[in-house]
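Work through the exercises below with the structure in view. Try each task before reading its solution.

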Amino acid sequence: MQQQRGRWPEPVACRVKGRALLWDLHALHAVARHGEVRSRRPAGADTDGLVTCLSCGHRYRSLGPHLARAHRMTAAEYRAEHRLPASIALMATDVRAALSQARTSAMADDPGLVGRMRAASLPQQELCRRSADVRTATNDLPAVRAARAAGARRSLPAAQQARRNALDAKAVAAGFTSMAAAIDATRHLPSRTAATRIGIGASTVKRWRRRSERD
C-alpha cells in the first residue's frame, strides 16, 4: 500500500523488504480522525473528480457499475487488461469518503457487522494468493517500481535505526554501554562466546567486527 505523504507517519521498520511495513500504534492513533477516508489508495480520478474509462473514454464518478454494465468485466479484470496497479482507486475521492462514512456508521450501529463481514470473506490463503498474482502482474510497471523505490528510501533508514536500537538495548542489558562497546570489549573472545556474552547471534558479532575493522 502506498503511503500518503503528510497524512500518515513514517514507518518504524520494514519486516519484509519492499512489502510489510511496521508503524507505531500510538502514532497512527494520533493522526486518525473519525469519519475520514480510511483507504490509503491514491485517487484514480482527474482534477474534476471524474474517472476516465480506458476502455471507451467515457467518464464517471465510479467505474465499477459502468464496467459491469457496459463492458461485462470486474474491476480486477479491468486493471489486468490495462495493467493498472491494484492500489489505484476507480472512484472519485468524495465517493470513497461517503462510502467510508457509511461503513463506519454501520459498524458503530451494529457491533456484530464486522464479525459477519469477516465470516463472509474469502479464506486468508486465497486472499494472499490473489494479492501475489496482482503484484506479479504489475511488478514491472514504471509507476509501481517508482512508488516502491520511494517507499524503500523512506523506510530503510527507520528500519536500520530500529535494528541498531534493539542491539544497543541487548548490549545494555548485558552490562555494556552500547553495542559498539560490547564488540570492543569481547574482541578477544571467539565469536560464539562473545555472542553468548552479549546475547546476540554469532553472525551479528562477526558483522560488527568487520564493520569496526573497516572504520
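**Exercise 1. The fold in outline**

Task: How many helices and strands does the protein chain have, and what pattern do they follow along the sequence?

Solution: 
- Start with the count. This predicted model has 10 helices and 4 strands in the protein chain.
- Next, read along the sequence. The pattern is β-β-α-β-β-α-α-α-α-α-α-α-α-α.

**Exercise 2. Inside and outside**

Task: What share of the protein chain counts as buried, and what supplies its exposed area?

Solution: 
- Take burial first. The protein chain has 215 residues, and 24% of them count as buried.
- Finish with contacts. Consider those in the protein chain with a separation of 6 or more: 47% of them join residues 24 or more positions apart.

**Exercise 3. A histidine in a helix**

Task: Is His 66 buried or exposed, and which residues is His 66 in contact with, leaving aside neighbours within four places in sequence?

Solution: 
- Locate the residue. His 66 sits in helix H2.
- Check its accessibility. The relative value is 3%. Buried means under 20%, so His 66 counts as buried.
- List the contacts. Beyond neighbours within four places in sequence, His 66 touches Cys 53, Cys 56, Tyr 60 and His 71.

**Exercise 4. A positive phi**

Solution: 
- Find the place. Arg 72 lies in the loop between helix H2 (63–71) and helix H3 (75–82).
- Read the angle. Phi of Arg 72 is near 55°, a positive value in a residue other than glycine.
- Recall the general rule. Most residues other than glycine have a negative phi.
- Arg 72 counts as exposed because its relative accessibility is 66%, and exposed means over 50%.

**Exercise 5. The positive patch**

Task: Which residues form the patch of positive charge on the surface, and which helix gives the most to it?

Solution: 
- Name the members. Arg 163, Arg 164, Lys 170, Arg 192, Lys 206, Arg 207, Arg 210, Arg 211 and Arg 214 gather there.
- Helix H7 (142–173) and helix H10 (202–214) each supply at least two residues of the patch.
- Pick the main contributor. H10 gives the most, with 5 residues.
- Zoom in on one member. Arg 207 is in helix H10. Its relative accessibility is 35%, so Arg 207 counts as partly exposed.

Conventions
Residues numbered from 1 in each chain as written. Predicted model: local features only at pLDDT ≥ 70, side-chain atom pairs only at ≥ 80, totals over all residues. Heavy atoms only, no water. Patch = residues over 30% accessible without salt bridge, like charges linked within 9 Å, V, L, I, M, F, W, Y side chains within 5 Å. Areas by Shrake-Rupley, 256 points an atom, 1.4 Å probe, with all protein chains shown as cover. Salt bridge = Lys/Arg side-chain N within 4 Å of Asp/Glu carboxyl O. Lys, Arg positive; Asp, Glu negative; His and termini not counted. Charge placed at Lys NZ, Arg CZ, Asp CG, Glu CD. Buried < 20%, exposed > 50% of the residue type's maximum accessible area, 1.4 Å probe, protein only. Contact = heavy atoms within 4.5 Å.
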